[in-house]
Amino acid sequence: MSKKIATRVVATSNRSESLLGSEGGGASQTCDKVWRWGSDNMLPYALSLLARRSVAHRRILNDKADYVAGKGLVYDDNPLLHHIATSANGSGESLRSVIARLALDEAMFGNAFLEVVTNEQKSLLSFYHIDASKCRIANDSKHVVIHHDWRNFSAKDAVTLSLYPNFERCDDGTLRAVVHYKDYEPMFSHYGVAPYVAGMDAAAIVYKTDRWNISRIDSSFQLSGVMVLDNSVESEEEASRIVRLAEERFAGNPGQVLFVLRDQNEADNSQFIPINTSSDGDWQRLHTQAESDLVVAHSWFRSLSGLDYSSGFSTDRILNEYEVALNTVIRPEQAQLLEPIRAIIEQVLGVDASSLDIVNCPPSRSKPLYMKVWEARKADGLDYDESDADQQRLLAEITKYNIRSIE
């Protein structure tokens with residue numbers, strides 16, 4: 001029987017009604033139906049917003065996801081593995097594309113969700129990424145509830161799927177399950193915790209210092225100070241009106257002005273009293289320290305996120321830090337993502353998927369590809385033999401397999 005990839009049909013499980021209750025209501029209706037993700041069930045929305053606002057935080061997330069997704073996949077010469085790798089689902093996405101999205105969710109939320117589609121005959125297999133912000137764990141801890149907008153929850157729009165390894169039949173006849181990846185954290189059972197949890201304040205500081213600079217530009221670097229206005233008023237409403245007019249004319253942010261309205265004397269003594277501060281250096285140091293703390297919280301490296309380019313481009317440092325990141329962060333994350341995928345391929349298709357792996361390439365090369373092996377060994381101070389056939393091969397020829405996999 002030939003194997004093929006299924007076209008996705010969104011189908012609800014027959015457990016939707018029992019888990020979610022009747023239609024209607026807002027997010028509060030689901031409090032006793034799903035485990036809340038955050039105190040208000042909106043933590044993924046807050047983390048997404050933070051990632052969109054903080055420049056350094058966003059760069060680190062993107063870089064980690066890119067490195068974990070790698071440059072392609074390698075596998076044995078098996079047509080089924082090739083089909084899964086090149087067309088993982090009915091949407092025509094490659095398995096690397098699915099893994100890249102899972103890696104980004106894992107880095108941003110500490111959680112990622114992979115939908116698996118098959119049938120009873122095991123004649124098809126598809127892998128779909130599910131936006132983690134749309135997923136919540138059902139209160140039975142055996143299902144995932146998917147909704148497009150948890151701020152305006154509607155039971156009829158929700159989809160409930162079984163958590164892997166349990167597959168459940170859906171209305172379209174397929175068997176579906178969801179693999180839940182989560183970063184372990186003590187005291188948290190149903191959801192993982194983002195690895196940068198200790199650096200959330202640092203990410204906020206980076207964002208706010210950037211906003212402060214924008215405000216300075218918007219206010220034309222206006223100084224903060226106290227505006228004393230001499231004006232006689234007969235009512236609070238008149239005083240408020242005058243202050244509003246003065247604010248529209250003089251106030252800026254961060255060039256904020258405190259307005260003081262006093263009774264007018266014979267002479268007009270209105271004046272602006274500037275508050276001179278030399279806080280620019282303090283703000284810069286705060287921004288730099290927050291960036292450093294953020295990199296540490298992510299368990300990442302400055303040179304791999306472009307934060308040290310201003311001090312010079314050091315290829316040696318980048319390659320050294322990449323090797324450390326490869327062995328401490330990248331490969332463990334890749335193993336976590338690939339293990340259930342390999343197991344599912346073997347379970348459903350009966351194919352040995354142990355050879356399926358991600359291709360990792362350093363961000364820069366220390367040796368040009370036109371060098372021969374013996375020339376590279378000579379440059380590194382190693383023993384070499386110019387007459388050895390293997391060492392006569394070009395480095396480009398040795399890396400040909402990886403290059404072909406990337407393409």
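Predicted model: local features only at pLDDT ≥ 70, side-chain atom pairs only at ≥ 80, totals over all residues.

Colleague: How many bridges join S2 and S3, and in which sense do they pair?

Modeller: Strand S2, residues 111-118, pairs with S3 over five bridges, in the antiparallel sense.

Colleague: What is the strand order in the sheet they belong to?

Modeller: Read it as S3-S2-S8-S7: an open sheet of four strands, with antiparallel pairing. Its edge strands are S3 (126-130) and S7 (168-169), and each of them pairs on one side only.

Colleague: Okay, now S6. Which residues sit on each side of that strand?

Modeller: Here's the general idea: side chains in a regular strand alternate between the two faces of the sheet. In strand S6 (residues 159-162), Val 159 and Leu 161 are on one side, while Thr 160 and Ser 162 are on the other. All of these are buried, so both faces are covered; buried means under 20% relative accessible area.

Colleague: And what does S5 pair with?

Modeller: Strand S5 (residues 143-146) pairs with S6 over four bridges, again antiparallel. One to look for: His 143 has Ser 162 in S6 as its bridge partner.

Colleague: Last one, the surface. Which residues form the negative patch?

Modeller: Asp 76, Asp 77, Glu 346 and Asp 352 form it. Find Asp 76 in the loop between strand S1 (73-74) and helix H4 (79-86).

Colleague: How exposed is Asp 76?

Modeller: Its relative accessible area is 42%, so Asp 76 counts as partly exposed.

Technical notes
Residues numbered from 1 in each chain as written. Heavy atoms only, no water. Patch = residues over 30% accessible without salt bridge, like charges linked within 9 Å, V, L, I, M, F, W, Y side chains within 5 Å. Areas by Shrake-Rupley, 256 points an atom, 1.4 Å probe, with all protein chains shown as cover. Salt bridge = Lys/Arg side-chain N within 4 Å of Asp/Glu carboxyl O. Lys, Arg positive; Asp, Glu negative; His and termini not counted. Charge placed at Lys NZ, Arg CZ, Asp CG, Glu CD. Helix = DSSP H or I, 4+ residues; strand = E, 2+ residues; numbered from the N terminus. Buried < 20%, exposed > 50% of the residue type's maximum accessible area, 1.4 Å probe, protein only. Pairing = 2+ DSSP bridges.
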